[in-house]
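Have the structure open while you read.

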Amino acid sequence: MTEKTDSKKVLVLLGSPRKKGNSATLAHKIIEGAESAGATVEQIYLHGRNIAACQACYACQKPDSKGCAIDDDMQPIYQKLLDADAWVIASPVYWFSMSAQTKLFLDRCFALLAYKEGAFAGKRVAVAMSYGDADPFISGCVNALRTFQDAFAYVGAKMVGMVYGSAEKPGEIESNQSLMQAAEVLGRKLVTS
Ligand SMILES: Cc1cc2nc3c(=O)[nH]c(=O)nc-3n(C[C@H](O)[C@H](O)[C@H](O)COP(=O)(O)O)c2cc1C
């Protein structure tokens, strides 16, 4: 029996400056899994985009808010986030947490509810992370994983799974066969009920 998908939309946010880096490699395996299950996928490299830090103006939190007050590259991303059924967030570990590019994006998601009531509800999320140390605790990866877990639980999104592993040079993570397989499985799970 084939799995039911009804062509889910997946938005992938890549938070490393390395386009062919380890977190992107993991994300691409998730994409392979999602596409093999019939999903359509769009990728966004956050690095190099004009995404400012949240300025804590709280314009997005006002009852009649029209959205985030900052007019930058995050504006089209809000719409893409709303349109997608599932999100993949990929980041390297930088200084015992996620990369700055990823954190800027995450902070700006504070405004998403201003664009649509219940914007996070029912969104399915997968996270991919890589780090240089051999251990996910010593590397600080668990700090970021925990941040994603807490943040998406808080807003009522569904964390479908997280894949993470150790690698230093760009793409080196590909030699970790079991991790690559886990990422592909996660991609399928992300878009199948
Ligand atoms: C600025 C910077 C900070 C880093 N901080 C950590 C760290 O705290 N812990 C760790 O294990 N690796 C750290 N690393 C190594 C990266 O996490 C590792 O190389 C990762 O696989 C890079 O992923 P990417 O190829 O997707 O960019 C750091 C690398 C850079 C450039």
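## The hairpin

Start at Tyr94, which sits opposite Ser97 in strand 4. Keep in mind that what you're looking at is a predicted model. Strand 3 and strand 4 (residues 97-98) run antiparallel to each other, paired through 2 bridges.

Together, strand 3 and strand 4 make a hairpin with 2 residues between them. Trp95 is in that turn, and its phi is positive, at about 50°.

Now follow strand 3 itself, residues 86-94.

Strand 5 (residues 124-131) is another parallel partner, joined to strand 3 by 7 bridges.

## Ser139 in its loop

Further along, Ser139 lies in the loop that connects strand 5 with helix 5 (141-154). Is Ser139 buried or exposed? It's buried, because its relative accessible area is 7%, and the cut-off for buried is under 20%.

So what does Ser139 touch, if you skip the neighbours within four places in sequence? Its contacts are Val93, Phe96, Tyr131 and Asp133.

## The whole chain

Zooming out, the protein chain has 6 helices and 6 strands. In sequence order they give the pattern β-α-β-α-β-β-α-α-β-α-β-α.

The C-alpha trace spans about 50 × 45 × 25 Å along its principal axes. Why does the chain fit a compact globule? Because a compact globule of 193 residues would have a radius of gyration near 16 Å, and the chain has 16 Å. As for contacts with a separation of 6 or more, 78% are between residues 24 or more positions apart.

## Surface and charge

Across the 193 residues, 47% count as buried. The accessible surface comes to about 9800 Å², and carbon and sulfur atoms account for 52% of it.

On the charge side, there are 21 positive and 20 negative side chains. The centres of those two sets lie 3 Å apart.

Methods:
Residues are numbered from 1 along each chain as its sequence is written. This is a predicted model: local features need pLDDT of at least 70, side-chain atom pairs count only at pLDDT 80 or more; totals for chains, interfaces and linings use all residues. Side-chain values use heavy atoms; hydrogens and water are left out. Buried means under 20% relative accessible area, exposed over 50%, partly exposed in between (1.4 Å probe, protein chains only). Helices (H or I, at least four residues) and strands (E, at least two) are DSSP runs, numbered from the N terminus. Two strands pair if DSSP finds at least two bridges between them. Contact means heavy atoms within 4.5 Å. The radius of gyration is taken over C-alpha atoms; the globule rule is 2.2 Å times the number of residues to the power 0.38. Accessible areas come from the Shrake-Rupley method with a 1.4 Å probe; for residues, only the protein chains shown count as cover. Lys and Arg count as positive and Asp and Glu as negative; His and the chain ends are not counted. The place of a charge is taken as NZ of Lys, CZ of Arg, CG of Asp or CD of Glu.
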